[in-house]
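Here are some notes to go with your first look at this one. Have the viewer open and follow along point by point.

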Amino acid sequence: MTKSIGVQNDEKNTNDVSNTKSEKSMQSIIDDFVLKTEHVYKTFDSAAGKVIALEDINFKVKRGQFVSIMGPSGSGKSTLLNILGALDRPSSGKVIINGYDIFSLADSEIATMRNRLIGYIFQSYNLVNRSTVEINVKLPAIIAGMSTSEANSRAKKILEELGIADKAKQKPSNLSGGQQQRVAIARCLINNPAIIMADEPTGNLDTKTGQDIFDMLKLLSHKFGRTILMVTHNPELAQLTDRTVLIKDGRIENDIMN
Amino acid sequence: MNPKDIFLLAFEALVDRKVRTVLTILMVVLGSSLVVILNGLSAGQAAFLEQQFNTLAANVLFVGSGQRSFSSFATSTSNSLIINNVVLAKIKSLPNVSDAIPEYTGSVQMNVEGNTQRASITSIDPSKLVVELPNLQYVDGSTIKPGDRSSAIVGDTIVNPPGASTPFLTLGETIKATATYSDSSGSHTVVKNFVITGILKPSGNAGIDRSVIINLDAGNELLHKLNRYDQIIVAATTPDDVDTVQGELTSTFGKTLGATTPKALMAVRVQAASGNNAFILMVGIIALVVGAVGIVTTLYNSVTERIREIGTMKAIGAQNTEILALFIVEAALIGIIGASLGTIIGIVGGYILSIFTTTSPAGGGPPIHIPPIFVPMDLIKVWLLSLFLSVLAGMYPAWKASKLSPMVALRRE
């Protein structure tokens, strides 16, 4: 694997959003922490009354850190990942990614943030099965408005790095689960995001393939300085990350450096 | 996302669901081709009508017994006057009337060397034909013999029936005309031979082009008219005098005689045609709307099926407007392909349909083929209307897709 996957200060880095129209509304708090949450709450109204899904979540993630989030079902870890990934707004509190208070922005600007700052890896890969692997990988770049030649070149390089360049013209449905997850990883890397959100990325894979995918994420973090937040049910994998945040009943119960 | 990428992604989505896409396009094709066909046939019919009346002189009136029906030359029998030489003389004496030309009309079976054809008979002083049809021209070698009871002039369609490779008859040939009439003593047949002394060049007037024109006396005898004219063509001194002459005729003969002008006939026919056009256009537009409903169904299903994909697209940064654009472009592509194919099929179908919808003239003779007319601006309007309805139909599903919360969409199985 060459250094290109881990490039953080690429001149063409698409996570540089300083020239967007949202610039004025963004709070720039550049420091060593790529992600910070401040008093994040999430409540839902239900027939049974108000349900507190997340309560006063405060934590910081350093640049290049590989953080696992664990907790029992219904503890709020997926809700947390959705909020950290800007897919859902918190009821109150702040989420700051790469210096940007993302929820102070309009929905369209949050979408831009998702495109430029955040890379997603889903448990069930979430690939577009009618499109080729290459197009799937290029989708975030296409959305970012990247030139075709630049997107092609990046996609080619990443697919080579991940060992699936020969699958570029195939449809995802013709690939194995492990290969599909590699495609999803390639897709999340194309825009060189500030942080990668992985929601149980090994959950649909057998042990060996799951381990391969985890090793790949670990390599991205340790060798290429990628910041990764991974929700997992697997304590063995969690132990192999830099840090494990335990969520219970919507609160951070424990925050362990491994 | 740039427009080219939106187009490619939308196209890919349509190709992925080939059968459904083809069926939806088919709905638009049916709607737009129907509108194109109906428009073309209506325009053809309107042009045909206009051509018929444009061949007539502007200063003539058609006078028949009884109240003239505007929709046809049929006359009512009640309170009607028998048009004979007395009436003719009276009309000729009216102010601003330059001429009054009597005519008998009917139909006969023609036989030329064993070949038969039905034809209309116009029995008139042939030298006066130009009064009614000023642009009338004869083929070389034709001679007009007003006083010759055995000579006949024939229209172009009689000589060259549509689809025939050889002329039905030529100058100098003899035709045997057989007419039948009934009276109190029963049904009778009259047979007369005529020599073709003149052939008309195509006049554009279907009535005259399909007629055999014979001498007035010969017509009286062949058609057994007993000196009762069917119609008198009244020529006013100038076109401006037509209304005055019509007024004079009404004040002189009351409702026992009816007079109408080509202009009035044209106006009524055009009005009737435009009413028909509006109706058939409505049918076409309803077909298009049905096509649009098909698009709504297709795209709505598509949104439901692709809800996770929409969630993923949003998770990786697609804007609401981009999701909206993707689905609208899908609808637009269906509209563009459907409208384009519909236009082509409509043009081809219009010509084919016009062949099958030829009408047989009342007096007999070869069927009248009215070719459709496709006005480029009309085709563009139908194309744009199909596209507009397709895009409009795509709006709701597209809007629904664009408004989906990424989190909700991702959770959907």
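Between which helix and which strand of chain B does the loop with B:N96 lie? That is where the notes start.

1. **B:N96 and its loop.** Keep in mind that this is a predicted model. B:N96 sits in the loop that runs between α3 (85-92) and β2 (97-112) of chain B. Its phi is positive, about 65°, although B:N96 is not a glycine. With 18 other C-beta atoms within 10 Å, B:N96 counts as partly exposed.

2. **B:L226, another one to click on.** Here too phi is positive, about 55° this time, and B:L226 is not a glycine either. Look for B:L226 in the loop between α7 (216-222) and β8 (231-236) of chain B. Is B:L226 buried or exposed? It is exposed, as 11 other C-beta atoms lie within 10 Å and 12 or fewer is the cut-off for that word.

3. **The sheet in chain A.** Chain A has 7 helices and 10 strands. Six of its strands make an open sheet in the order β6-β7-β8-β3-β9-β10, with mixed pairing. β6 (118-121) and β10 (251-257) of chain A are the edge strands, each pairing on one side only. On average, neighbouring strands of this sheet are turned by 20° against each other, direction ignored.

4. Strand β3 (residues 66-70) and strand β9 (residues 243-248) of chain A run parallel and are joined by 4 bridges. For a landmark, find A:I69, which stands opposite A:V245 in β9(A). Now look for helix α1 (residues 77-84) of chain A: it lies across β3, β7 (195-199), β8 (228-231) and β9 of chain A. The helix runs at about 150° to β8(A).

5. **Chain A as a whole.** Of the 258 residues in chain A, 50% count as buried. Take the contacts in chain A between residues at least 6 apart in sequence: 73% of them join residues at least 24 apart.

6. **A:H39, out on a strand.** A:H39 lies in strand β1 (residues 33-46) of chain A. It is exposed, because 12 other C-beta atoms are within 10 Å. Which residues does A:H39 touch, leaving out those up to four places away in sequence? They are A:D56, A:N58, A:S92 and A:G93. For a sense of scale, A:H39 and A:L240 are 201 residues apart in sequence and 28 Å apart in space, C-alpha to C-alpha.

7. **Strands in chain B.** Strand β6 (residues 186-199) of chain B pairs with strand β4 (residues 151-154) of chain B in the parallel sense, over 4 bridges. On that side, B:A152 has B:I196 as its bridge partner. Strand β5 (residues 174-183) of chain B runs antiparallel to β6(B), and 10 bridges join them. B:T180 is bridged to B:T189 of β6(B). A hairpin of 2 residues leads from β5(B) to β6(B).

8. **Two helices side by side in chain B.** Helix α9 (residues 262-305) and helix α12 (residues 376-402) of chain B pack at an angle of about 25°, and their axes are 8 Å apart. α9(B) and α12(B) are therefore roughly parallel to each other. The crossing of α9(B) past α12(B) is right-handed. Residues that meet here include B:L288, B:V289 and B:A292 in α9(B), and B:L385, B:S386 and B:L389 in α12(B). The contact residues divide into 17 nonpolar, 4 polar and 1 charged.

9. **Where the chains touch.** The contact takes 19 residues from chain A and 18 from chain B. On the chain A side, α2 (107-117) and α3 (133-144) each supply at least two residues. That side splits into 9 nonpolar, 7 polar and 3 charged residues.

10. **A covered helix.** Helix α10 (residues 307-315) of chain B is mostly covered, with 7 of its 9 residues buried. Among them are B:E309, B:I310 and B:K314. What covers them? The cover includes α2 and β6 of chain A, along with α11 (320-356), α12 and α13 (406-411) of chain B. After α10(B) comes B:G317, whose phi is positive, near 110°.

Definitions and conventions: Residues numbered from 1 in each chain as written. Chains lettered and ligands numbered in written order. Predicted model: local features only at pLDDT ≥ 70, side-chain atom pairs only at ≥ 80, totals over all residues. Pairing = 2+ DSSP bridges. Axes fitted to C-alpha atoms, helices over the stretch in contact; angles between N-to-C directions. Contact = placed C-beta atoms within 7 Å. Parallel < 35°, antiparallel > 145°, perpendicular 65-115°, else oblique. Left-handed = near helix turned anticlockwise from the far one by under 90°. Nonpolar A, V, L, I, M, F, W, Y, C, P; charged D, E, K, R; others polar. Buried ≥ 20, exposed ≤ 12 C-beta atoms within 10 Å, placed from the backbone.
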